[in-house]
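Hi,

Here is the model I promised to pass on.

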2 protein chains.
Amino acid sequence: MTDALRSAGAAPTLEDVARAAGVSRATVSRVINGVRNVDPTIQEAVREAVSVTGYTPNRAARSLVTRRTDAVALVVSGTGVEPAEGADGADGEPHTADGGEPPEGAGEGSFTARVFADPFFGRVVTGVVDYLRPRGIHPVLMFAESAWARDEVVAYLRQGSADGALIVSTHAEDPLPALVAEAGLPAVLYARPTRPARISYVDLAHRDGARLAAEHLLARGCRRIATISGPLDVPAGQDRLAGFQETMARHGHPYIPVAEGGFTQESGEAAMERLLTEHPGLDGVFAGNDLMATGACHVLRDHGRKVPEDVAVIGFDDSGAAAACRPPLTTVRQPVEDMAAEMARLLLDRLAEPDRPATSVIFEPTLVVRASA
Amino acid sequence: MTDALRSAGAAPTLEDVARAAGVSRATVSRVINGVRNVDPTIQEAVREAVSVTGYTPNRAARSLVTRRTDAVALVVSGTGVEPAEGADGADGEPHTADGGEPPEGAGEGSFTARVFADPFFGRVVTGVVDYLRPRGIHPVLMFAESAWARDEVVAYLRQGSADGALIVSTHAEDPLPALVAEAGLPAVLYARPTRPARISYVDLAHRDGARLAAEHLLARGCRRIATISGPLDVPAGQDRLAGFQETMARHGHPYIPVAEGGFTQESGEAAMERLLTEHPGLDGVFAGNDLMATGACHVLRDHGRKVPEDVAVIGFDDSGAAAACRPPLTTVRQPVEDMAAEMARLLLDRLAEPDRPATSVIFEPTLVVRASA
DNA sequence: ACCGTCACGGAGAGCGCTCTCCCTCAGGTC
DNA sequence: GACCTGAGGGAGAGCGCTCTCCGTGACGGT
């Protein structure tokens, strides 16, 4: 009758299974977790009892003793407001409200909305999830765009609600990596932290990617080349620009017109307009990412320039936007999914061996030639 | 000295705080959870002790007793393979490697990758997160594209790893809603389930949206109108088509050429090509979503048709793709973020009052007029 | 026949928290 | 003064699990 009550009421516990199988709790636990040797006959009996009772281990109880949750925080970090001084007007970071209170915000302008407007994050999620899933780890989505949100992330980890964090930072000067590192919480970053910290990360050799783009443009015969850079307060933006300028200089083009964008299509359009006004004769453009390259293509066409005949355009990332663009974009591929998976791998390694020192893995970009250049 | 050891070693517990404040565990708990009256002086002492010890409540321990995790599963459900055309095979479950094994898959073709290729999901996440965050609830991202994955989701919920589920189904004949409903697990769906189930959902009045599009095209003077439908095994695809045909019929256009697409840009391109071959004279197109509309615009331009002068194009969703398209798309807006937030609200309501009956909330679409029609 | 040495199962002590009791004490009330 | 009341605080029993011990019995070497 206890069984009857059980099946009707609360979820079955280890105790119930043990009783049903005629063994002790410990044995059931051993069978379930596949640890130590258990007599095959008993194993069978336990499995039988498990399926009869419809038992599912209670995660909270397990976590309480193992100190593991099999969950990791996947946090998108950035700044909602936090002035990002340095760069002046073109900071590309709209000023939203950012109090000490949890954000009640929603809609178009919210941080979360902006984040997912970029296909980049979807790719990160894909890479992370595809790696974590077969390993039984679940990602908890978090955003850390304000001081309040950052504290929440740290608290979340300290509470042991997640075993570690995968942090994708959209901004330099992001305080989160330092916070997490100081607290000694296991974490891995996407992109090198601005200030060095004892924390692992994966990154791309942005300069090499920009070099690839420059060389391709040059090899194509372009001679009046300009670039639409990403935001200059983001390392990726800086590095791509620097690498591009560097290579161009080495090939005898010490001066390259630059228009700063904000990694969005609209900002790419605006930047292209500016470039076109000041340098109507340009015949090649390297954009800091595909979204901006797409915007550039639109503007070029609006101005009667054919891509690639009149102006060659190269993007960066090889995101979905690159293939969707007309013409399809020649672009520098960033293997985001692989990088995200590696990030997850580094974190899991670290969790397995807490003493393991921080490491970094740098990926090499490749040129994907399509129609735009 | 105990304190010294504490601060160096393990995380402080309630016990530590209690000792520091000179009260009992129960009192500290009361202060932290703000339940019952506690003397203001003692409250202050406890808060002080909390900050001195750097205490953070352990979530697992709390969950163990409260039976709440303050986490919800945000699950994207669907089937491994997209096409499912013909829609005859009725089973809706295309045959993928759908064994008992966890998927090790990754990259371009993986379910997760395809999911995030569509801006739609980013918007759902945005809506959900923006609603949940201020309420201290965290979303755990899950995918349920195979029998294995579905079982995992159910197990996850049964384990009490999450308090409930928000399910976004990409496919009709998706078995997950039924599984979850049967198990009596709290859940809310995005889009009405194919087979009615005792489960709440939010949805859009797709037919009304399609009517808006039809009327706009007609009012514009289009007379040779065709449509690119979404996949016909998805309710949203069916309803939008049906609503469109219905309205057109009512206005004296009983026959409307239809090309079925798969909600992707490429499928929109292919469908447009087909339409153009068979009906070169068409002057208006309604696409089942913005991605396909964007593809249609590309193809139309490739064929020398000006949008909207020669052919008017209307999309559906008002996703980021609509504004990014050249020309910007006139489209039927689906307030995804609001709908997602509502979905979260319904779930939280249900968790607060478990007996509350299942409800549904239907949103009305609106027409957003831009340049393409 | 004896003593390791395994292989295997059970007992039971927690993990850190919440929450129900129960106790105490101040302030009425009759 | 006896009694009630309600506010405020403590004790302690678990929540369901893991894991360290320890006990037992089978086996083999000497």
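The side chain of B:Arg30 has an N or O atom 2.9 Å from a base nitrogen of DNA strand D, which is a polar contact in the sense used here (a pair of N or O atoms within 3.5 Å; within protein, one must be able to donate a hydrogen and the other to accept it, and residues adjacent in sequence count only if both atoms are side-chain atoms). Bear in mind that this is a predicted model: local features need pLDDT of at least 70, side-chain atom pairs count only at pLDDT 80 or more, and totals for chains, interfaces and linings use all residues. Residues are numbered from 1 along each chain as its sequence is written, chains are lettered from A and ligands numbered from 1 in the order in which they are written, and side-chain values use heavy atoms, with hydrogens and water left out.

The largest share, five residues, comes from α5(A). In total 30 residues surround DNA strand D, counting a residue as near if one of its heavy atoms lies within 4 Å.

Now strand C. A base nitrogen there is 2.8 Å from an N or O atom in the side chain of A:Arg30. On the phosphate side, a backbone N or O atom of B:Asn58 lies 3.0 Å from a phosphate oxygen, and a polar side-chain atom of B:Arg62 lies 2.7 Å from one. For DNA strand C, α5(B) gives the largest share of the surface, five residues. Among the 30 residues around DNA strand C, A:Arg36, A:Asn37, A:Arg67, B:Leu14 and B:Tyr55 come nearest.

On to the protein–protein side. Chain A and chain B bury about 4,700 Å² between them, 52% of it on carbon and sulfur atoms; that is the accessible area (1.4 Å probe) that two parts lose on being put together, summed over both. In chain A, the residues losing the most area to chain B are A:Arg133, A:Gln159 and A:Arg326, together 16% of what that side buries. Each chain puts 53 residues into the contact, with contact meaning heavy atoms within 4.5 Å. There are six salt bridges between the chains (a side-chain nitrogen of Lys or Arg within 4 Å of a carboxyl oxygen of Asp or Glu). One of them pairs B:Arg326 with A:Asp302, with the closest N and O atoms 2.2 Å apart.

Last, chain A itself. It has 15 helices and 12 strands, and buried residues make up 55% of its 373 residues (buried means under 20% relative accessible area, exposed over 50%, partly exposed in between; 1.4 Å probe, protein chains only). A:Thr27, in helix α3 (residues 25–33), is buried because its relative accessible area is 13%. Leaving out residues up to four places away in sequence, A:Thr27 touches A:Val38 and A:Ile42.

Cheers

Note on methods
Helices (H or I, at least four residues) and strands (E, at least two) are DSSP runs, numbered from the N terminus.
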